[in-house]
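Please read them alongside the sequence and the coordinates.

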Amino acid sequence: MKGLGTSDMIARFIQAELEEANGVLELQRSDLAQRFGCVPSQINYVMSTRFSPEHGYIVESRRGGGGYIRITRVQVDRHTLLMHVINSVGDTLDLASARAILSNLVQSQAVERNVAQTLLWAVSDNSLRSVPKDRRDDLRASIFKQVLIHLV
């Protein structure tokens, strides 16, 4: 695995373990961090960027002394995936997160590339320039969710 970053190595390890475990895997965050010589927050980063619902995974997490991460690989239809994204966006959404979510949705073929690009332009800082900066993420989340609801 020469040349791979720590996040890549963690992701490949988890994917290999998932294959062996037939799609359901339970891990201790602290054990994984120790194994790869990183901080637990890097494990969280890998979980949120590589094992998100948009990538076909459900991640359940419990923190604390006996904390664990349970990863389940799922096949979900487009409607279910879009509804999960809509429900997970929350009240605010920054532009980088909107871009990442749309990239994942295009990759999973839940949203067409031209639709994703149009939505990204609609929620860009340039489009929202008349809105005060401290309110843009709120409006961005609202627009983003409304468009995705329309696509469902």
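1. Which side chains meet Glu 19 in a salt bridge? The partner of Glu 19 is Arg 73, at 3.3 Å, N to O; a salt bridge here is a side-chain nitrogen of Lys or Arg within 4 Å of a carboxyl oxygen of Asp or Glu. Glu 19 lies in helix α1 (residues 6-20) and Arg 73 in strand β3 (residues 68-73), so the pair ties together parts that are 54 residues apart in sequence. Glu 19 is exposed, with a relative accessible area of 52%, and Arg 73 is partly exposed, at 30%. The terms are set as follows: buried is under 20% relative accessible area, exposed over 50%, and partly exposed in between, with a 1.4 Å probe and protein chains only.

2. On the source: this is a predicted model, in which local features need pLDDT of at least 70 and side-chain atom pairs count only at pLDDT 80 or more, while totals for chains, interfaces and linings use all residues. Residues are numbered from 1 along each chain as its sequence is written, and side-chain values use heavy atoms, with hydrogens and water left out.

3. Overall layout. The protein has seven helices and three strands, in the order α-β-α-α-β-β-α-α-α-α along the sequence. Helices (H or I, at least four residues) and strands (E, at least two) are DSSP runs, numbered from the N terminus. The C-alpha trace spans about 50 × 35 × 30 Å along its principal axes. Of the 152 residues, 36% are buried. Among contacts (heavy atoms within 4.5 Å) with a separation of 6 or more, 61% are between residues 24 or more positions apart.

4. Other salt bridges. The count comes to seven. One of them joins Glu 60 and Arg 70, at 3.6 Å, N to O. This pair links strand β2 (residues 57-62), which holds Glu 60, to strand β3, which holds Arg 70, 10 residues apart. Both ends are partly exposed: Glu 60 has 35% relative accessibility and Arg 70 has 25%. Glu 26 joins Glu 60 and Arg 70 in a network of salt bridges. Another bridge, between Arg 135 and Asp 138, has an N to O distance of 2.7 Å. Arg 135 and Asp 138 both belong to helix α7 and sit three residues apart, about one turn of the helix. Arg 135 is partly exposed at 47%, as is Asp 138 at 25%.

5. Aromatic pairs. There are two. Rings of Phe, Tyr and Trp (its six-membered ring) pair if their centres lie within 6.5 Å; planes under 30 degrees apart count as stacked, over 60 as edge-to-face and the rest as tilted. Phe 13 and Phe 36 are edge-to-face, 5.6 Å centre to centre with 70 degrees between the planes. Phe 13 lies in helix α1 and Phe 36 in helix α2 (residues 29-36), so the pair ties together parts 23 residues apart in sequence. Phe 13 and Phe 36 are both buried. Phe 51 and Tyr 57 form the other pair, also edge-to-face, at 4.9 Å centre to centre and 70 degrees between the planes. Phe 51 is buried at 1% relative accessibility, and Tyr 57 is buried at 9%.

6. Nonpolar cores. A core is a set of buried Ala, Val, Leu, Ile, Met, Phe, Trp, Tyr and Cys residues joined through side-chain atoms within 4.5 Å. The largest has 21 residues, and those with the most contacts inside it are Val 85, Leu 105, Phe 144 and Leu 148. Helices α4 (78-89), α5, α6 and α7 each supply at least two residues of this core, and α5 gives the most, six. Leaving aside neighbours within four places in sequence, Phe 144 contacts residues including Val 85, Val 89, Leu 102 and Leu 119. Apart from this core lies another, of 18 residues, among them Leu 32, Ala 33, Cys 38 and Tyr 57.

7. Helix α6. Which residues of α6 (residues 113-122) are buried? They are Ala 116, Leu 119 and Leu 120. They cover an arc of only 100 degrees around the axis, which puts them on the same side of α6; the arc is taken from the directions from the helix axis to the C-beta atoms. The buried residues of α6 pack against α5 (95-107) and α7 (133-151).

8. Annotation. An unreviewed UniProt entry carries "domain: CtsR C-terminal dimerization" over residues 78-148. UniProt positions are given in the numbering used here, feature names are shortened, and annotations may be inferred rather than shown by experiment. Over residues 78-148 the chain is 72% helix and 0% strand, with the end C-alpha atoms 11 Å apart.
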